[in-house]
Structures are given as structure tokens and as C-alpha cells.
4 protein chains.
Amino acid sequence: MFKGTATALITPFNKEKELDIKNFEKLINDQIENNINALVILGTTGESPTINEKEKYEIIKKAIEITNKKIPIIVGTGSNDTKKILKNNKIAEELNADGLLIVTPYYNKTTQNGLYENYKYISQNTKLPIVLYNVPSRTGLNIEPKTTIKLLKNIENIIGIKEASGNISQINKILNEKPKNKYLYSGNDDQIIPIMANGGDGVISVISNLIPKQISKMTENILQKKYEEALEINNKYLNLMNMMFEEVNPIPIKYAMSLKYKTENTLRLPLISVTKELEEKIKKEMKRVEII
Amino acid sequence: MFKGTATALITPFNKEKELDIKNFEKLINDQIENNINALVILGTTGESPTINEKEKYEIIKKAIEITNKKIPIIVGTGSNDTKKILKNNKIAEELNADGLLIVTPYYNKTTQNGLYENYKYISQNTKLPIVLYNVPSRTGLNIEPKTTIKLLKNIENIIGIKEASGNISQINKILNEKPKNKYLYSGNDDQIIPIMANGGDGVISVISNLIPKQISKMTENILQKKYEEALEINNKYLNLMNMMFEEVNPIPIKYAMSLKYKTENTLRLPLISVTKELEEKIKKEMKRVEII
Amino acid sequence: MFKGTATALITPFNKEKELDIKNFEKLINDQIENNINALVILGTTGESPTINEKEKYEIIKKAIEITNKKIPIIVGTGSNDTKKILKNNKIAEELNADGLLIVTPYYNKTTQNGLYENYKYISQNTKLPIVLYNVPSRTGLNIEPKTTIKLLKNIENIIGIKEASGNISQINKILNEKPKNKYLYSGNDDQIIPIMANGGDGVISVISNLIPKQISKMTENILQKKYEEALEINNKYLNLMNMMFEEVNPIPIKYAMSLKYKTENTLRLPLISVTKELEEKIKKEMKRVEII
Amino acid sequence: MFKGTATALITPFNKEKELDIKNFEKLINDQIENNINALVILGTTGESPTINEKEKYEIIKKAIEITNKKIPIIVGTGSNDTKKILKNNKIAEELNADGLLIVTPYYNKTTQNGLYENYKYISQNTKLPIVLYNVPSRTGLNIEPKTTIKLLKNIENIIGIKEASGNISQINKILNEKPKNKYLYSGNDDQIIPIMANGGDGVISVISNLIPKQISKMTENILQKKYEEALEINNKYLNLMNMMFEEVNPIPIKYAMSLKYKTENTLRLPLISVTKELEEKIKKEMKRVEII
């Protein structure tokens with residue numbers, strides 16, 4: 001699908017919390033100019049749970065139009081209702097998306113066998129390549145390495161996994177046993193170097209919304225075995241990466257984006273804006289690293 | 001709302017995984033005959049994430065019709081999209097439900113302040129009484145006691161909480177500080193006695209789908225301070241209660257119900273049927289305690 | 001061994017951090033006068049890891065002398081070196097103690113089979129009754145219910161367990177399956193009611209150092225099925241109980257004791273005295289509940 | 001102190017569970033011949049909790065004699081009684097050891113302030129360089145990055161940390177903020193590459209008891225930025241590394257060593273020998289990777 005950095009793009013809203021397509025376009029162009037390798041739209045960072053069907057259609061359509069196949073567009077189509085995933089996938093296919101990011105069932109959850117059966121069924125009903133998404137801190141459910149390996153080995157159009165468990169030992173196991181032609185992406189910005197050093201292919205990033213040039217350079221460095229240069233970038237922005245998770249993502253990134261890109265700092269319930277305390281910290285750190 | 005036992009009712013499907021309203025009716029009548037104090041429909045146990053809008057309408061309507069106000073009907077209307085909760089609540093209101101069970105945001109999650117703002121906004125848009133639902137193992141998010149207390153104290157139509165954190169120390173804190181006229185229900189069948197001994201008001205139960213008479217008797221005993229009688233019931237059925245959580249709920253209960261009530265053992269993806277190993281264990285234990 | 005409340009007694013030091021036997025005597029007498037059912041000496045609360053062999057001998061000897069068989073003296077003899085446990089047990093036997101409290105191996109840990117073999121070996125080398133002690137937050141090792149039950153069933157002089165896992169579901173399982181003549185004690189002061197309601201026999205308590213009369217009354221109430229009276233005591237002192245664990249026990253209790261009993265607030269490294277912030281909170285709360 | 005691989009050496013016992021100094025000597029010589037960069041004796045892997053004072057003296061003396069300053073000898077002197085640490089340190093100094101590995105307090109634990117005060121006091125009482133050891137799964141206590149950084153910054157003879165928390169995000173923070181002249185070593189064999197790629201200096205290893213040549217080569221490769229060669233070694237031995245932790249370390253390594261080096265597979269209580277099931281798995285895997 002891609003090697004390097006994909007951005008899990010935010011969805012900008014205006015003051016009335018309506019879709020702000022103009023800024024969405026501006027952000028995508030900025031991402032492309034700064035050498036991002038792929039875009040993930042309608043992910044968690046894109047607030048997909050609170051975006052309605054009509055808006056989703058518009059977002060996918062627009063993203064594909066703007067990028068114009070210069071870089072792959074991966075659409076987050078996950079749901080805890082498998083029927084809805086199939087519907088979402090149909091739309092992504094129709095609109096000519098390049099791939100699907102499908103999170104495990106959350107809240108209702110399922111068993112390890114259920115995970116396998118569920119992803120198998122989904123994969124049989126789409127032609128698009130699928131990236132699995134494992135994020136137990138949000139879903140209450142971990143895809144165990146055995147299940148991941150089985151899915152990556154047996155199902156052709158499951159082409160990779162975004163691993164956001166944070167569990168390096170688990171990720172190391174997967175990297176060791178997965179087929180060479182399947183991808184593993186870090187789902188945590190502060191684990192890009194460890195995971196890629198262990199054989200990972202890149203990152204699906206939050207912080208690259210804000211600093212696309214730096215993060216794409218960082219993964220490029222790693223792919224070229226320039227670990228010291230990569231570590232320098234990592235260390236410069238590590239505090240900021242961590243701040244993006246001091247309150248639930250995408251609360252902090254939405255504020256940070258508003259400072260740099262003049263988008264509105266608005267989110268839809270159940271999410272609310274960042275606290276004043278974290279606002280201050282973020283602004284100060286962004287000045288320190290000369291983003292603003 | 002109620003004291004004692006509410007059943008988080010399963011939603012029976014037929015072999016084709018369509019709604020089986022006939023058995024739904026049969027189960028509700030069985031629950032009423034066996035002295036259940038309230039019914040929760042469209043909860044997690046009721047597989048709400050994979051039930052569509054039309055079906056939800058039918059389920060609520062039917063439940064209210066059948067129970068005919070003999071016992072309260074509480075409708076699970078939670079979602080991680082606040083707008084959808086408001087829509088769900090409207091329907092429950094129209095159909096004359098008695099209360100709402102609203103789980104915290106899951107997957108997208110929110111902050112503690114976000115929880116407060118979200119529930120406040122929801123409560124301002126309905127006249128029905130709301131029971132909060134805290135189940136961090138599914139949502140990745142814990143309502144901290146401070147937030148629970150603030151919600152129960154400040155918002156009139158938030159009338160209680162279903163606590164399924166399993167954290168007795170946390171639950172003890174809430175019970176100590178909550179207003180006397182607000183309710184706390186156990187969300188774990190194996191913690192009914194500890195929570196009620198600490199001042200809790202009852203349980204929203206899974207196992208009472210299968211043994212309504214015994215569980216309603218158990219909570220009645222506790223309310224009458226007959227702890228020894230309650231403990232006897234608890235100890236008789238504890239193994240079975242635990243088996244209902246050896247695979248993700250409602251997978252095991254749906255199998256157990258099929259044995260006793262001849263409902264179909266069918267679930268919708270991402271959930272799948274119980275493994276053969278657990279089937280055997282459940283059947284054997286149900287025979288041992290003479291349910292079948 | 002006992003039903004009701006045992007105090008895990010602190011070891012008072014003077015300003016020079018030497019053993020303060022005079023105050024030790026005073027505290028024991030106060031405990032007896034206030035109807036405590038048993039005393040545990042040289043437990044974690046008694047700072048046993050930093051008390052030398054000579055001091056341990058003196059402490060055991062003195063405690064047995066003072067109590068003069070009015071209430072049982074249980075000696076903490078646990079170690080992660082089994083040979084040392086055997087030595088400690090010999091001394092306790094010689095000095096005529098009534099029982100032994102033996103924590104699981106910590107730091108080096110062991111397997112579930114290792115736990116069984118270890119306790120079996122220990123029990124074969126002493127005539128004294130043994131109380132197991134499970135506290136995974138300190139040891140990094142949980143005694144699984146299966147192992148606990150096997151030990152309680154098969155080994156005669158293993159007469160009970162102090163359960164401080166905080167896991168009520170686990171404790172409920174043990175209570176359901178253990179032999180009737182074996183004991184289960186709560187190791188958490190805020191879980192006395194839940195555990196005893198589920199069939200537990202009492203508590204080995206920290207807070208009863210400070211309020212022996214109230215806690216022994218509370219467990220007495222529960223044993224007499226007066227749950228409401230017990231809950232009233234629990235609720236009055238719950239904040240204070242919780243404060244005793246805001247910094248590592250016995251740091252806060254040692255400060256609280258210094259306020260009420262005029263003992264020195266001194267601990268031996270690696271432990272240090274309570275922070276000023278918690279000092280203030282404790283003092284204020286002790287005034288509110290009229291201890292000082 | 002060192003860069004690359006230090007082995008946390010096992011302590012061989014004979015059939016009677018007495019110190020087997022002859023094999024100890026043989027193992028050390030094998031380690032030196034295979035380019036190990038340093039040796040840690042009397043660590044957890046060396047079963048220090050069950051080795052008496054006399055044996056400890058002999059072990060330190062012998063190790064220093066045999067290595068004869070070709071590589072540094074680091075002595076595990078940690079205890080949860082600070083006085084004992086000081087005594088242990090004196091002996092290590094007298095016998096001319098090169099450094100000390102000092103684990104945080106375990107079981108009695110302490111606060112973050114307590115950690116700082118404790119290590120400060122210890123460091124003021126020895127001239128030897130100290131490596132901190134953080135292993136929360138054994139101690140129940142995490143050294144938070146803030147405390148680690150404060151210790152590494154303020155105290156000269158605290159020269160590094162062995163980080164076995166497994167928490168890569170935490171380790172990344174420390175690596176980013178620690179003084180350049182202080183060391184961070186991985187305490188987990190399956191995290192060598194991730195940690196060193198992030199700026200770590202090497203590993204204190206269990207598996208290098210068994211395959212010293214391969215692990216020292218692996219860290220050498222990383223230090224020379226030959227990540228692919230390192231990853232190849234990692235991937236070949238990853239299964240075996242993981243097996244060493246399927247039962248509590250050093251249970252499995254002691255069995256593996258008996259197969260390759262003909263040492264006795266004996267451990268002292270509370271530890272017991274590996275189960276038959278894991279024996280079979282280890283033997284099979286050792287054959288697969290051609291160790292035996």
C-alpha cells in the first residue's frame with residue numbers, strides 16, 4: 001500500500017460544527033506538498049463516529065478528487081456492525097478509494113475466532129485491500145499475534161495491520177512471523193523508530209497532521225537506514241507527540257491545527273475542546289520547536 | 001426506577017438471523033411470571049449494535065405492549081455519536097418507555113469533563129430518567145467516582161448508574177457519596193451480594209435471562225437482609241454465571257437460552273456462536289444445577 | 001484462628017529509628033482494650049523487611065508476653081527465600097506464637113506449581129497454623145483460585161488466606177469452593193463488608209491500628225448480620241481508609257498514629273515520611289471524624 | 001560501563017543444590033570467549049534471593065578472579081532493606097567489582113520521592129558506579145521517567161538504568177531526556193533492537209547465557225548501524241527468547257543451559273524446575289536453531 005508515513009487526517013469543522021470542506025482541501029494539499037506517502041480519511045482522528053453518511057460520502061469523494069491518485073487514499077470503514085462495514089466499503093469502492101482501514105469490533109467485541117470469521121467475511125465482499133487496525137485501549141479487544149498472522153497469511157486482500165497496542169513484544173512477534181509482502185504500520189507516533197527498526201513499514205500518524213514534512217522525512221530516513229537523523233527528528237518532537245495524547249485524541253491535535261492552519265478548534269459531542277491547561281502547554285511547546 | 005433484579009434481555013433471532021418476535025414475547029412473559037423487577041432491552045446483551053432502526057422500534061414497541069406497565073422497561077439508547085442517542089431517546093419517549101440506559105462513549109471515548117458535558121446535554125433533551133452505564137472493559141473509558149457523583153448530584157433525571165467496572169473500591173466510594181435517592185446497580189452477576197451489602201440497589205443481570213426466578217429471589221433476600229439465603233443461591237449458580245463470561249457476552253447466554261427456551265443459538269457478526277468446548281461445559285453445568 | 005478484626009500492627013520507632021518497645025506495649029494494650037480479635041506482628045505494615053533478626057525476636061517475645069494469650073498473635077514470617085521462612089517459623093514456634101502469616105514469594109516469584117510446592121514444604125516443617133497472604137500489587141504474583149483451593153483443601157495446617165488482590169470476583173470464587181473450616185480474611189479495609197457478605201471471616205486491617213474499637217465493632221456487626229450498622233461505620237471512615245493508601249502503606253498510617261498516639265513518625269529506608277500535602281489531608285479528616 | 005551485551009549470569013547448582021563453582025568458572029570463560037561485553041552476577045537470573053552471604057562472597061570473588069578485568073563485573077546488590085544494600089556494596093567494593101546493579105525496593109516498595117532519597121543515600125555510601133534496575137512486573141513499583149531523569153542528572157555515580165518495564169513509550173522519554181554520558185540498557189531480550197534504535201546502549205540479557213556469541217554479535221551490529229544483520233539474529237532466536245519467559249525466569253533458562261552446558265537443572269525454593277511441556281518446547285526449538 002505504502003511505505004513511510006500516512007496521515008490519519010483530521011476532519012475540520014466550522015464554528016457551527018459543520019463540515020469545512022475548504023479547509024479540508026487546504027490540508028490535503030499541504031500534506032501532498034510535504035511528501036506524505038498516503039492519507040487515511042475517516043479514521044478515529046477524523047472523528048468518523050460522529051460524521052453522518054452524507055458527510056462521509058462528500059469527504060471520500062473530495063479527498064480522492066484532490067489527491068487525484070498522487071498518493072493512496074485509505075478510508076476508515078470500521079464499525080461494530082458488520083453490515084455497516086459492508087455498506088461503507090461499497091461506497092469507498094464506488095468512489096475509487098485505494099484501500100480500507102478496518103478496526104476490530106469495539107464495545108460488543110468478539111472472540112479471536114470471531115475476529116477471524118468477521119474479517120474473512122468482510123474481505124470476501126470487497127475488492128479493495130484491507131488494513132487491519134488493532135487498538136485495544138479503545139476497543140477493549142486485542143488481536144492476538146496468532147490471529148493477526150493467520151489473517152495476513154490466509155487472506156489475500158488483507159494486506160497489513162496498523163498496530164496501536166503499544167506492546168512492542170507483541171509487534172516484534174508479528175513482524176517475525178508475517179508474510180514478507182504484508183505491511184505492519186505503527187499506530188503510535190512515539191514508536192515509529194522501534195517498530196520500523198524491528199521491520200515495520202511505516203506509521204499511520206496523528207502528529208503528521210501538524211508536521212507532515214518532518215514525519216515523512218523521519219520515516220524516509222529510517223527506510224534509508226539513517227537512524228541518527230530519524231532519532232534527531234523524533235527527539236525534537238517527542239514532547240509534542242506525547243501532548244497529543246494527554247487528552248483523548250483528536251482533542252489536542254484539533255487545537256494544535258487551529259494554531260498552525262487557522263482551522264476552527266471545534267469537535268462534536270461526546271468530544272469537547274482541550275482544557276486551558278493543555279492549550280497552554282501545547283502552544284508553548286509549538287513555539288519552542290518553531291511551528292508557530 | 002427499581003430495586004432488585006432487572007434482566008438485560010437477549011434479542012432472539014431465528015435461523016436466518018432475523019428478529020424472532022414470537023420468542024421475544026415468550027421470554028418477556030416468562031420474566032414477568034418469575035418476578036423480575038424490570039427489563040432492559042437493547043442493551044449489549046440484546047446485541048443492540050447489530051440491530052437496525054426498524055427492528056429497534058419493533059422491539060421497544062413490543063416490549064412495552066407485552067409488559068403493559070407491570071414492570072418498567074428501560075431502553076439501551078447509548079451510542080458514541082451523541083446525535084444518535086438523542087434520536088434513540090426520542091423513539092423511546094414516543095413509545096412510552098420508562099427509562100434509558102446510556103453507556104459512556106466507547107471507541108472515540110472522551111475526557112471526564114467530556115463525560116459530564118455529554119450526559120448533561122443528553123439529559124436536557126429528554127424527560128425520561130437516565131441510568132448511566134460504566135463498563136470500561138468494553139469502552140476503554142472509566143467514569144471516575146468524582147464524575148459519577150457530580151452527575152448524580154447535579155442532574156435530576158440522571159437517576160442512577162449501572163456499574164460494571166468490577167472495581168469494588170470504586171463502587172464503595174460512589175455508594176458512600178451518592179445522593180440517597182439515586183440508584184446504583186451491579187453490572188456483574190458475581191458481584192451482586194458485595195455491591196448490595198455495600199448499599200447498592202440491585203443488579204442489571206445477564207444470568208437472569210436463564211434463571212429469573214432465582215436471581216430475583218436472591219436480590220429480594222438481600223433487600224430483606226437474608227444474606228445467608230442469598231449466598232446460597234449465589235454459590236449454587238456462581239460457576240454458571242462465570243461461564244457466561246468465558247467468551248464475550250452474549251455468546252454463551254445465547255447458547256444457554258437455546259437449551260432451556262428452545263430459542264435459536266444465532267448471533268450476528270461480528271459475534272459468532274460459542275465454541276464446542278464451552279458448549280459442553282455449559283450443558284453439563286446446567287444439568288448439574290437442574291436447569292435442564 | 002479468629003473471626004472479626006486482626007490488626008496488622010505498626011512497629012513504632014523512636015526518633016533515632018530504633019525500636020520503641022514502650023510504645024509498642026502501649027499500642028498492644030490499647031488494641032486489646034478495644035476488642036481487637038487478633039494481632040498480626042511483623043507484617044508489611046510492621047515494616048518487617050527493614051527489621052533485623054534481633055529486633056524481630058524481641059518484637060515477637062514482647063507481643064506474646066503482653067497479650068498473654070488473651071488474643072492470638074500471628075507472626076509475619078514470609079520471605080522470598082524459603083530457607084529464611086523456615087528459620088523465622090522456628091523462632092515463632094519457640095516463642096509460642098499462635099499462627100503464621102506467609103506471603104507468596106515476591107520479586108523472584110514462582111509458578112502456580114511452585115506456589116503449591118513451596119507452601120507444602122513450609123507447612124511440613126512447622127506445627128503452627130499458616131495463613132496464606134496474596135497481595136499481587138506488591139509481589140507481582142497472584143495465587144490463582146485453583147491454587148488457593150488446592151492448598152486449603154489438601155494441607156491441614158494451612159488454615160486460611162488473607163486476600164488483598166482487591167479482585168472480588170476471584171475472592172467470590174474462593175469463598176464458594178473453599179472448605180468450610182478454612183478462613184478467608186480481607187486484606188483491604190475498604191472491602192470488609194463485600195467480602196464478609198460473600199462469606200468471608202474478617203479482616204487483617206491497617207486502619208484498625210488507629211480505630212480498633214470501630215473496626216472491631218464493624219466486623220462484629222457483620223458477623224451478627226447487622227449490615228446497616230456496619231455500613232454506617234464503613235461510610236464514616238472510608239475516606240480515611242483510602243488516605244492510608246494514597247502513599248505506600250505504612251507511610252500514611254505511621255503519620256496518623258503519631259497524631260493520635262504520640263508515637264514518632266519515623267520510618268526506615270527505603271520508606272520515607274508522608275508528604276506535607278497528605279499530612280494536611282489526613283489531619284483534617286481525622287479532625288472531621290473526631291479522632292483528634 | 002559497557003556498550004553492547006552484558007549477561008545476567010545464572011548461578012549453577014549441583015544436584016544437592018549447592019554452589020557449583022566449577023561450572024560457574026566454565027560458563028564465565030565461555031562468555032568471555034564469545035565476546036560478551038560485561039557480566040552481571042547475583043542478579044535475579046542468578047537467583048540472588050536464595051543465595052546466602054557466604055556464597056555471595058565466593059561468587060563475587062571467583063567471578064572477578066576469572067575475568068581478571070578483561071570485562072567489567074557488575075554485582076546485583078539490591079534489597080528491599082537499604083541497610084543490606086550498603087553491606088552488599090561494601091563487599092563488592094572490597095572484592096574490587098566494577099559496578100553495582102541495584103533494583104528498586106520490592107514488596108515494601110516506596111514512593112517516587114522515596115526512590116530518589118533511597119538511591120541518593122546509597123550512592124553517597126559507595127564509590128562504585130550504580131546501574132538502576134526498573135522491573136515493575138517483579139517489584140510492583142515503576143520508576144517514573146521524571147524520577148529516572150532526576151537521578152541520572154543529579155547523581156554522578158548513578159551511571160545508567162536497566163529498563164525492564166517493557167514500556168517503549170516510557171523508555172523513549174528517558175532516552176530523549178537523559179544526559180548523553182549516562183547509559184540505558186534493555187532488560188528485555190525481545191526489545192534489544194527497538195530500544196537501541198531509540199538510542200539505548202545495549203542489553204542486560206538472559207538469553208545470552210545460552211547464545212553469548214549471537215547476542216553480542218547482534219548488539220555489535222546495531223552499534224555499527226547494521227540493522228538488517230541484527231534483525232536476522234533477532235528473528236532467528238525470538239521464539240527461544242520468548243520461551244525463556246513462559247515460566248518465571250530463570251526457570252526455563254536453567255533447563256536450557258543444562259542441555260547445552262551439562263549444568264544441573266536445579267533451582268532453590270520457592271523456584272522449581274520447568275514443566276515437562278515447556279521442556280519439550282525448548283528442546284525442540286533449541287534443535288531447530290541448532291544450539292543442540
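Visitor: What makes the radius of gyration of chain A agree with that of a compact globule?
Guide: The radius of gyration is taken over C-alpha atoms, and the globule rule is 2.2 Å times the number of residues to the power 0.38. For 292 residues a compact globule would have a radius near 19 Å, and chain A has 18 Å, so the two agree. The C-alpha trace of chain A spans about 50 × 45 × 35 Å along its principal axes. This is a predicted model, in which local features need pLDDT of at least 70 and side-chain atom pairs count only at pLDDT 80 or more, while totals for chains, interfaces and linings use all residues. Residues are numbered from 1 along each chain as its sequence is written, chains are lettered from A and ligands numbered from 1 in the order in which they are written, and side-chain values use heavy atoms, with hydrogens and water left out.

Visitor: How many helices and strands does chain A have, and what share of its residues count as buried?
Guide: Helices (H or I, at least four residues) and strands (E, at least two) are DSSP runs, numbered from the N terminus. By that reading chain A has 12 helices and 8 strands. Buried means under 20% relative accessible area, exposed over 50%, and partly exposed in between (1.4 Å probe, protein chains only). Of the 292 residues of chain A, 68% count as buried. Among contacts (heavy atoms within 4.5 Å) in chain A between residues at least 6 apart in sequence, 72% join residues at least 24 apart.

Visitor: How do you know what area is buried between chain B and chain A?
Guide: Buried area is the accessible area (1.4 Å probe) that two parts lose on being put together, summed over both. For chain B and chain A the value is about 3,000 Å², with 63% of it on carbon and sulfur atoms. Among the elements of chain B, α4 (112-124) and α5 (136-139) give two or more residues to the side that touches chain A. Of these, α4(B) gives the most, with 5 residues. By class, that side has 14 nonpolar, 15 polar and 5 charged residues; Ala, Val, Leu, Ile, Met, Phe, Trp, Tyr, Cys and Pro count as nonpolar, Asp, Glu, Lys and Arg as charged, and the others, Gly among them, as polar. The contact takes 34 residues from chain B and 34 residues from chain A.

Visitor: What area is buried between chain B and chain C, and which residues supply it?
Guide: The area is about 2,000 Å², of which carbon and sulfur atoms give 47%. On the side of chain B, B:N172, B:N176 and B:Y227 supply 22% of the area buried against chain C, more than any other three residues. In contact here are 22 residues of chain B and 22 residues of chain C.

Visitor: Why is C:N96 called partly exposed?
Guide: The relative accessible area of C:N96 is 45%, which lies between the limits for buried and exposed, so the residue is partly exposed. C:N96 lies in the loop between α3 (82-94) and β4 (99-103) of chain C, and has a positive phi of about 80° although it is not a glycine.

Visitor: Where is the cis peptide bond of chain B?
Guide: The peptide bond from B:L269 to B:P270 is cis, with omega near 15°. B:P270 lies in the loop between α11 (251-261) and α12 (276-288) of chain B.
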